[in-house]
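Subject: Structure handover

Hi,

Here is the structure for your files. My notes on two regions follow below it.

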Amino acid sequence: MTMECVIGLEVHAQLKTQHKMFCVCPVRFGATPNTLICPVCMGHPGALPRLNREAFVLAWRTGLALNCELPPHSRFARKHYMYPDLPKGYQISQHKHPVGWGGQVEIETSGGHRRFIALERIHLEEDAGQLIHEPEEGISNIDYNRCGVPLLEIVTKPVLRSAEEAVAFLRSLRDILRFLDVCDGNMQEGSLRCDVNLSVRKGPDEPLGVRTEIKNMNSFRLMGDAIRYEAQRHGKALEEGLLLEPETRLWDVERQVTRVMRKKETAQDYRYMPEPDLPPIVVEEGSWEAAVGALPELPFARRDRWTELGVSSHDAKTLAGSKALADYFDACLPLVPSAKAASHWIVRDVLRVLHNEGLTVEECKLLPAELAALLSLLEGGEVVRGQAQELVQFIAVNGGTIEDTRQLLGIEEPVGQDAIADAIASLLAEHDELVQRFRSGDSKVFGFLMGQLREATQGKAAMQQASKLLREALRSK
Ligand SMILES: [Zn+2]
């Protein structure tokens with residue numbers, strides 16, 4: 001029997017605002033518990049919320065980038081539930097009038113297969129506090145610092161079919177949110193979390209089985225593990241004719257199983273009602289463009305543009321890995337002689353230096369104009385690869401121009417073609433026996449002779465050129 005897994009995701013992205021959504025408490029990770037709170041986010045009687053405009057602008061910006069339909073009116077609703085981390089007894093969220101409807105996110109799975117994942121909606125809501133359990137002492141502490149932190153919830157349609165697709169979706173969405181600069185995407189700090197809704201059916205046209213939800217996945221790997229386990233559990237129940245309960249479950253990392261957290265609530269359980277303390281938001285046509293600003297080109301669009309310029313798809317994917325890196329490459333493009341050569345140098349050499357030195361792309365001191373100058377010198381044979389690597393290593397860390405650094409490091413002009421030919425002639429005269437071995441088919445001696453040639457020219461010969469000349473000399477001798 002071929003079971004089909006049907007998955008929908010609810011992603012919570014913490015918006016990069018200075019202040020909480022309805023008060024002026026700062027948003028900061030890792031502060032001493034209960035130091036970033038006030039009567040509004042603690043839900044004290046009489047305290048009134050006021051919308052942080054910045055949060056709405058970031059949500060709108062995301063909606064534009066994801067091609068959502070953005071209605072001119074949206075409003076907040078109260079979602080009621082009782083839990084110790086929710087001091088008001090309700091969460092301010094959006095119900096019937098969210099920021100945006102529909103939209104899509106492009107994903108890529110193994111083998112470079114791409115497709116669009118349709119979204120149901122995006123809406124704003126406030127975060128709740130955090131319970132910190134200390135089982136050994138038999139107590140739980142509550143930290144309310146996170147209460148009222150602005151979240152954008154992004155809900156997909158149930159169109160994902162595997163753990164791999166779900167992980168690819170979350171990765172792609174995280175990249176987009178980072179490019180838009182609306183969420184830092186830091187999953188370890190909980191800035192991006194995901195609830196997974198999953199059911200299984202016997203085939204594409206069969207009715208869906210019972211749906212369960214896995215809460216609060218905050219790592220790609222754990223999410224993949226949890227989905228694979230849950231799909232298997234559903235499939236087995238379906239095969240054996242067992243009825244599953246519609247539950248909210250948690251992933252138990254130690255035991256590698258999902259376990260019940262609570263029975264699943266329905267919309268009725270939340271007793272949604274319009275939030276009486278906040279007026280509806282009216283977006284007048286044309287009034288938000290300035291606040292939202294120009295949208296940056298998103299990762300997939302950049303990758304496509306670069307591959308058309310001859311950049312390999314592997315390099316394009318690496319370069320689109322962060323906005324800073326993508327912007328760096330784009331800044332190089334108008335200056336360099338070849339997009340392909342520039343992508344090679346950045347992916348293989350610049351990134352290696354940054355990694356080894358523990359630097360970020362923003363900290364890289366090799367300016368695009370200097371990389372372009374270096375590539376021109378390489379192309380003209382005025383420096384050889386090893387020398388260029390030395391220059392990249394030095395300038396990426398210390399800054400400076402190619403010309404100054406060449407003098408500073410004493411990097412000499414490479415050995416010219418005539419000098420290489422001379423070096424080859426004396427090398428072959430010295431190793432007549434090896435030449436005979438090469439000509440009788442022993443190709444291994446070539447590597448040894450290249451090593452000797454590198455030594456003879458003190459590493460200042462362009463190795464590609466030297467290799468070609470050596471091969472010619474060996475054949476013609
Ligand atoms: Zn507050």
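Helices (H or I, at least four residues) and strands (E, at least two) are DSSP runs, numbered from the N terminus. This is a predicted model: local features need pLDDT of at least 70, side-chain atom pairs count only at pLDDT 80 or more, and totals for chains, interfaces and linings use all residues. Residue numbers start from 1 along each chain, as its sequence is written.

Helix H5

H5 spans residues 299-308. Its buried residues (20 or more other C-beta atoms within 10 Å of their own, with C-beta atoms placed from the backbone) are Pro299, Arg302, Arg303 and Trp306. They sit on the same side of H5, because they cover an arc of only 100 degrees around the axis. That arc is taken over the directions from the helix axis to the C-beta atoms. Ala301 and Glu308, on the other side, are exposed (12 or fewer such atoms; partly exposed lies in between). Just after H5 comes Gly310, with a positive phi of about 100 degrees.

Strands around S7

Strands pair if DSSP finds at least two bridges between them. S7 (residues 113-126) pairs with S5 (residues 100-101) in the antiparallel sense, over two bridges. There, Gly100 faces Ile122 of S7. S6 (residues 104-109) is also antiparallel to S7, with six bridges. Thr109 stands opposite His113. Three residues separate S6 and S7 in a hairpin, and Gly111 in the turn has a positive phi of about 80 degrees. S10 (residues 150-156) pairs antiparallel with S7 over seven bridges. One of its residues, Val155, is the bridge partner of Arg121.

Best regards
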